Amino acid sequence: MFNDRSTPLSLLSTRRSGKPRDLAAPGPDQAQLDQILEIAARTPDHGKLAPWRFVIVPADKRAALAKVITDAYRAERPQAARLEIEALEQFATQAPALVVVLSSPKVESHIPLWEQQLSAGAAGMNLLHAAHALGFAGGWLTGWSAYSDAVRDAFGAEPERVAGFIFLGTPGKQLEERPRPDLKKIISIWQG
């Protein structure tokens with residue numbers, strides 16, 4: 001069983017993202033989304049800078065997001081094929097809820113940029129944990145849209161970057177396990 005909410009440890013040890021294209025209604029309502037974001041903000045943050053932001057894209061603005069993304073893509077790739085454009089439109093409109101996580105570094109701070117970026121990633125992970133703890137599933141995507149300055153500019157400005165598009169909803173099909181790393185290959189004991 002994935003995302004077993006019987007205990008905190010069970011949830012963490014069975015955590016599984018959902019594929020955004022397979023997430024269906026219901027998604028979190030506004031009160032649940034507020035709770036998810038409040039929990040997401042409880043992340044390690046050296047210097048108490050909050051070097052991240054969350055932008056909720058409401059359901060009635062998804063078509064506008066699709067237009068932003070496809071216009072930016074066409075500007076960069078004027079020869080884009082119909083299927084490429086359709087895939088980008090589908091990207092913007094999948095799952096019932098969408099939160100864009102922005103890395104929003106405070107460049108004037110003495111806290112290293114890398115630590116601020118790590119904090120943004122931790123905030124995204126906390127967002128997923130909170131959604132799963134409430135009984136939803138989430139999927140964190142990047143792709144071309146996350147690296148486009150034009151798409152980023154729809155949500156913020158330099159030096160911000162899109163850390164990810166986090167889609168939330170209810171699994172529309174059974175979650176499947178994915179390959180996990182061999183712990184013997186990623187864990188070692190320092191020998192001095």
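The axes of α3 and α4 come within 8 Å and cross at roughly 145°. Axes here are lines fitted to C-alpha atoms, for helices over the stretch in contact, with angles running from 0 to 180 degrees between N-to-C directions. The crossing of α3 and α4 is right-handed; the rule is that a crossing is left-handed if the near helix is turned anticlockwise from the far one by less than a right angle, and right-handed if clockwise. Helices (H or I, at least four residues) and strands (E, at least two) are DSSP runs, numbered from the N terminus.

A word on the source. This is a predicted model, where local features need pLDDT of at least 70 and side-chain atom pairs count only at pLDDT 80 or more, while totals for chains, interfaces and linings use all residues. Residues are numbered from 1 along each chain as its sequence is written, and side-chain values use heavy atoms, with hydrogens and water left out.

Back to the two helices. On the α3 side, the residues that meet α4 include Leu-65, Ile-69 and Tyr-73. On the α4 side, Ile-85, Leu-88 and Phe-91 are among those that meet α3. Contact means heavy atoms within 4.5 Å.

Next, the core. In soluble globular proteins, nonpolar side chains tend to be buried together. A nonpolar core is a set of buried Ala, Val, Leu, Ile, Met, Phe, Trp, Tyr and Cys residues joined through side-chain atoms within 4.5 Å. Buried means under 20% relative accessible area, exposed over 50%, and partly exposed in between, with a 1.4 Å probe and protein chains only. The largest nonpolar core has 24 residues, and Ile-69, Val-100, Phe-155 and Phe-165 have the most contacts inside it. At least two residues of this core come from each of α3 (62-76), α4 (82-93), β3 (97-103), α6 (144-147) and β5 (161-171). The most come from α3, which gives five. Apart from this core lies another, of 13 residues, among them Leu-33, Val-99, Ala-130 and Ile-166.

What does Phe-155 touch, leaving aside its neighbours within four places in sequence? Phe-155 is in contact with Arg-53, Val-55, Val-57, Leu-65, Val-100, Leu-102 and Phe-165.

That brings in the aromatic rings. A pair of aromatic rings is described by the distance of the centres and the angle of the planes. Rings of Phe, Tyr and Trp (its six-membered ring) pair if their centres lie within 6.5 Å; planes under 30 degrees apart count as stacked, over 60 as edge-to-face and the rest as tilted. The structure holds five aromatic pairs. One of them is Phe-91 with Phe-167, edge-to-face, at 5.4 Å centre to centre and 85° between the planes. Because Phe-91 lies in helix α4 and Phe-167 in strand β5, this pair ties together parts that are 76 residues apart in sequence. Phe-91 is buried at 12% relative accessibility, and Phe-167 is buried at 0%.

The rings of Phe-155 and Phe-165 have centres 6.5 Å apart and planes at 75°, so this pair is edge-to-face as well. Phe-155 sits in the loop between α7 and β5, with Phe-165 in strand β5, 10 residues apart. Phe-155 has a relative accessible area of 14% and is buried; Phe-165 is buried at 0%. Ring pairs link Phe-91, Phe-155, Phe-165 and Phe-167 into a cluster.

Now α5, residues 113-133. The expected span of a helix is 1.5 Å times one less than its number of residues. For the 21 residues of α5 that should be 30 Å, and the end C-alpha atoms are 30 Å apart, which agrees. Among the buried residues of α5 are Gln-116, Ser-119, Asn-126, Leu-127 and His-132. The buried residues of α5 pack against α1 (8-14), α2 (30-40), β2 (52-56), β3, β4 (137-141) and β5. Just after α5, Gly-135 takes a positive phi of about 95°.

On the α1 side, take Leu-11, which is in helix α1 and is buried, with a relative accessible area of 10%. The C-alpha atoms of Leu-11 and Ala-133 are separated by 7.1 Å, though 122 residues apart along the chain. Not counting residues up to four places away in sequence, Leu-11 touches Asn-3, Asp-4, Arg-5, His-129, His-132 and Ala-133.

Ser-103, in strand β3, is buried at 8% relative accessibility. Beyond four places in sequence, the contacts of Ser-103 include Gln-117, Ala-120, Glu-160 and Arg-161. Arg-152, in helix α7 (residues 149-152), is buried, with a relative accessible area of 7%. Beyond four places in sequence, Arg-152 touches Ala-157, Glu-158, Glu-160, Arg-161 and Val-162.
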